[in-house]
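Please look over the sequence and the model shown here before reading on.

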Amino acid sequence: MTHIVLVTGVSRHIGARVASALADDPGIDRVIGVDTVPPPSLSGDGGVPLGRMEFVRVDLRGPDISRVIADADIDTVVHMSLVSAPPRSGGRMLMKEHNVIGTMQLLGACQRSATVRRVVVRSTTAVYGSSPRDPAVFTEDAEPGEPPGRGYAKDASEVEGYVRGFARRRGDVAVSTLRFANFMGPGVDSPLTRYFTQPLLPTVLGFDPRLQFVHEDDAVEVLRRTATNDHPGTFNVAGDGVLLLSQCAHRAGLLPLPVPSPLFRLVGEAARGARLVDFSPEQLRLMCHGRVVDTAPLAAALGWRPKFSTAAAFEDFLRARDLAGGLPAALLEVFSRAVKR
């Protein structure tokens, strides 16, 4: 039986790695990667070797994705295209259109397809939010203490709603929704990894949140397994164990700077405006209340556990980064202006 996989979001690191892993699988006949720009290794900028992957330039918000799925007789769709931070041009509105409208168009194309039999969607544990009323550990059916009201977390919640609707309408399709903790690893560039590359680490006075990470290698393996076998349902994905923010700072050799919550928000907004670190509102709440999820259902469904614990994932990230040096002058200026206000 011919096995043809479509992967969205291949211009970003994890999406490219997933496409590469699937292209290396001898049981898969074709891998088609789609995005609005080509992945780095296809644009001459190095990056992940993508092997047999075929790239097609597609904006998910338009109708072309339906033609790609129909013309190639796609049977498996791996949706990696959600973005966690607004682009430099277009801002929050473009981000929401890409995440929500793009997903709606993709699911509409899958619903009309006679060949699609498996859909895997990358989501995030940010859908649980972060609040003082949260449970100690989130299971997949737990309700957030305060549902996300903005940003990436709200987009992901809306996306999951459309995915559930698609699964009800197409009961013949195996639909997997994977809620990933924050990615961590040598190749990951995210708001959180950039936060941990600052020599001086702003923290919220009186809070020491519990954090979980998933190593990029484990994230790719989970996506590969769910793309090649039916594992319907919603699953949390994270490395075993937790780290306190203070432990992260200690292991990274960073100097914590505890500041009152209003000042932390002010610093975050200033740093975001200066494009130094993307302190989104959900990131600020995570730095107060943290978030921990249960991953037992994933282990039971896949018969597999992550190779990297949360601590090991963070250590691998640190080994790959040079955190030495003084505080960047631009960031120092941001802190000085914030303190003077």
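## From the surface inwards

A nonpolar surface patch of about 240 Å² is formed by I101, M104 and Y162. Such patches consist of residues with over 30% relative accessible area and no salt bridge, where like charges are joined within 9 Å and nonpolar side chains (Val, Leu, Ile, Met, Phe, Trp, Tyr) within 5 Å; a salt bridge is a side-chain nitrogen of Lys or Arg within 4 Å of a carboxyl oxygen of Asp or Glu. Accessible areas are computed by the Shrake-Rupley method with a 1.4 Å probe, and for residues only the protein chains shown count as cover.

The model is predicted, so local features need pLDDT of at least 70 and side-chain atom pairs count only at pLDDT 80 or more, while totals for chains, interfaces and linings use all residues. Residues are numbered from 1 along each chain as its sequence is written, and side-chain values use heavy atoms, with hydrogens and water left out.

Y162 counts as partly exposed because its relative accessibility is 35%; buried means under 20% relative accessible area, exposed over 50%, and partly exposed in between (1.4 Å probe, protein chains only).

Taken as a whole, the protein chain has 12 helices and 13 strands, and buried residues make up 52% of its 341 residues. The chain exposes about 14,400 Å², of which carbon and sulfur atoms supply 54%. Among the contacts in the protein chain with a separation of 6 or more, residues 24 or more positions apart account for 79%, a contact being heavy atoms within 4.5 Å.

One of the helices, α1 (residues 13-23), is mostly covered, with 8 of its 11 residues buried. Those buried residues are I14, G15, A16, V18, A19, S20, L22 and A23, and they pack against β1 (4-8), β2 (30-35), β4 (76-79), β7 (182-184) and α6 (216-228).

How many aromatic pairs does a search of the whole structure find? The search finds 7, where rings of Phe, Tyr and Trp (its six-membered ring) pair if their centres lie within 6.5 Å, and planes under 30 degrees apart count as stacked, over 60 as edge-to-face and the rest as tilted. The rings of Y128 and F138 are stacked, because their centres are 4.5 Å apart and their planes stand at 15°. This pair links distant parts of the chain, with Y128 and F138 both in the loop between β5 (118-124) and α4, 10 residues apart. Y128 and F138 are both buried.

The rings of F213 and F314 are also stacked, because their centres lie 5.6 Å apart and their planes are at 25°. Here the linked parts are strand β10 (residues 213-215), which holds F213, and helix α11 (residues 310-320), which holds F314, the two residues being 101 residues apart. F213 counts as buried because its relative accessibility is 0%, and F314 counts as buried because its relative accessibility is 0%. Ring pairs link Y195, F196, F213, F314 and F317 into a cluster.

A polar atom of the R118 side chain lies 2.9 Å from the backbone oxygen of A227. Not counting residues up to four places away in sequence, R118 touches a set of residues that includes H3, D75, V173 and A227.

Leaving aside neighbours within four places in sequence, N99 is in contact with S81, L82, V83, Y152, D155 and V159.

By contrast, L255 in strand β13 (residues 255-259) is exposed, because its relative accessible area is 53%. The C-alpha atoms of L255 and L200 are separated by 5.0 Å, although the two residues are 55 residues apart along the chain. Apart from its neighbours within four places in sequence, L255 is in contact with P199, L200 and L201.

Technical notes
Helices (H or I, at least four residues) and strands (E, at least two) are DSSP runs, numbered from the N terminus. A polar contact is a pair of N or O atoms within 3.5 Å; within protein, one must be able to donate a hydrogen and the other to accept it, and residues adjacent in sequence count only if both atoms are side-chain atoms.
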